[in-house]
Amino acid sequence: MNACLQALRSVPTHMDYDGQARAEKLSRVIITLFGVVGLIWGYVIQQFSQTIYILGAGFVMAAIITVPPWPMYRRKPLDWQKPQTEAPAKTKKKK
Amino acid sequence: MHTVLTRANAILAYTLSVSACLTFCCFLSTVFIDYRANATLNTVKVVVKNVPDYSASREKNDLGFLTFDLQTDLSPLFNWNVKQLFLYLTAEYRTETNEINQVVLWDKIVLRGDNAVLDFKNMNTKYYFWDDGNGLRGNKNVTLTLSWNIIPNAGFLPSVSAHGSHTFSFPAEYTTSRV
């Protein structure tokens, strides 16, 4: 049970900053594209409901591609500096 | 955009904004369309009675009875921003007491996809043609007009009158027999 929980926790669920920016941009592009295509198609067949259905398909697609933290949004992790070992010594002196 | 929920919220909000924008485009594409059409109206049988109007004053008022023919083709009126048409037939006339009298005699809803080529023969009216006095007997100038409301997905709710109306006159004598 404990091992199971630990395995679950080790699954990374975050996006790095670059990944967040790309996810947002991608979702905007997908929804706008489906909206424009839906508008043209709805105008051609004169059915506004089709426009809304196509936009809904775009929403579903954007939700699948950009809402879960897929590994492709984790390719540019931040370069953290190494922890400095002297700092804790200083605080000890003050005390 | 750092958690699943914020991302889901963002794309939902953006989808709703886009749908509002598309609806506005749909409205813009139909706002300048001329929704008038031709209609041919004719009256077949016209009688007038003088009977008590129990729904109002109990005094004897004029009650007109008529049957009418109606031919019109409304299929060009439908487009992606029209859900249904509400047709109504009005009679307009002038009496000594009122400059303008308007009575709705009949109406009909035509949904998109229904047969919009209407050809009615000898139709009865749906609603009573009451006058609020004795203005119908011998009235020489009663005009029937077909009008319609256009019920859109988005935008205005225009009320349009058809080209072509029919003017008829009521007989000079009351009918006493059953109609």
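**Testing the labels**

Mentor: Start with chain B, where five residues of domain 1 are in contact with six residues of domain 2. By class, the domain 1 side of that contact has three nonpolar, two polar and no charged residues. Keep in mind that this is a predicted model.

Trainee: Where do the two domains of chain B run?
Mentor: Domain 1 of chain B covers 1-32, and domain 2 of chain B covers 34-168. Their C-alpha centres lie 42 Å apart.

Trainee: Why is helix 2 of chain A called roughly antiparallel to helix 3 of chain A?
Mentor: Take the angle. The axes of helix 2 (residues 17-45) and helix 3 (residues 48-66) of chain A cross at roughly 160° and come within 8 Å. Angles over 145 degrees count as roughly antiparallel. So helix 2 of chain A is roughly antiparallel to helix 3 of chain A.

Trainee: Which residue classes make up that helix contact?
Mentor: The contact of helix 2 with helix 3 of chain A has 18 nonpolar, eight polar and no charged residues. The crossing of these two helices is right-handed.

Trainee: How many residues does each chain give to the contact between chains A and B?
Mentor: Chain A gives 25 residues and chain B gives 19 residues. The chain B side divides into 11 nonpolar, seven polar and one charged.

Trainee: What makes B:Leu63 count as buried or exposed?
Mentor: Count its neighbours. B:Leu63 has 20 C-beta neighbours inside 10 Å. The cut-off for buried is 20 or more. Therefore B:Leu63 counts as buried.

Trainee: Where is B:Leu63, and which residues does it touch?
Mentor: B:Leu63 sits in strand 2 (residues 60-73) of chain B. Beyond neighbours within four places in sequence, B:Leu63 is in contact with B:Lys49, B:Val51, B:Tyr128, B:Phe129 and B:Trp130.

Trainee: What makes the phi of B:Arg58 worth a remark?
Mentor: Most residues other than glycine have a negative phi. B:Arg58 is not a glycine, yet its phi is positive, about 70°. B:Arg58 is in the loop between strand 1 (39-52) and strand 2 of chain B.

Trainee: How do you know whether B:Arg58 is buried or exposed?
Mentor: B:Arg58 has 9 other C-beta atoms within 10 Å. Exposed needs 12 or fewer. So B:Arg58 is exposed.

Trainee: And what about B:Asn122, buried or exposed?
Mentor: B:Asn122 has 10 other C-beta atoms within 10 Å, so B:Asn122 is exposed. This residue lies in strand 5 (residues 117-124) of chain B.

Note on methods. Residues are numbered from 1 along each chain as its sequence is written. Chains are lettered from A and ligands numbered from 1 in the order in which they are written. This is a predicted model: local features need pLDDT of at least 70, side-chain atom pairs count only at pLDDT 80 or more; totals for chains, interfaces and linings use all residues. Axes are lines fitted to C-alpha atoms, for helices over the stretch in contact, and angles run from 0 to 180 degrees between N-to-C directions. Helices (H or I, at least four residues) and strands (E, at least two) are DSSP runs, numbered from the N terminus. Angles under 35 degrees count as roughly parallel, over 145 as roughly antiparallel, 65 to 115 as roughly perpendicular and the rest as oblique. A crossing is left-handed if the near helix is turned anticlockwise from the far one by less than a right angle, and right-handed if clockwise. Ala, Val, Leu, Ile, Met, Phe, Trp, Tyr, Cys and Pro count as nonpolar, Asp, Glu, Lys and Arg as charged, and the others, Gly among them, as polar. Two residues are in contact if their C-beta atoms, placed from the backbone, lie within 7 Å. Domain bounds come from an automatic or database domain assignment.
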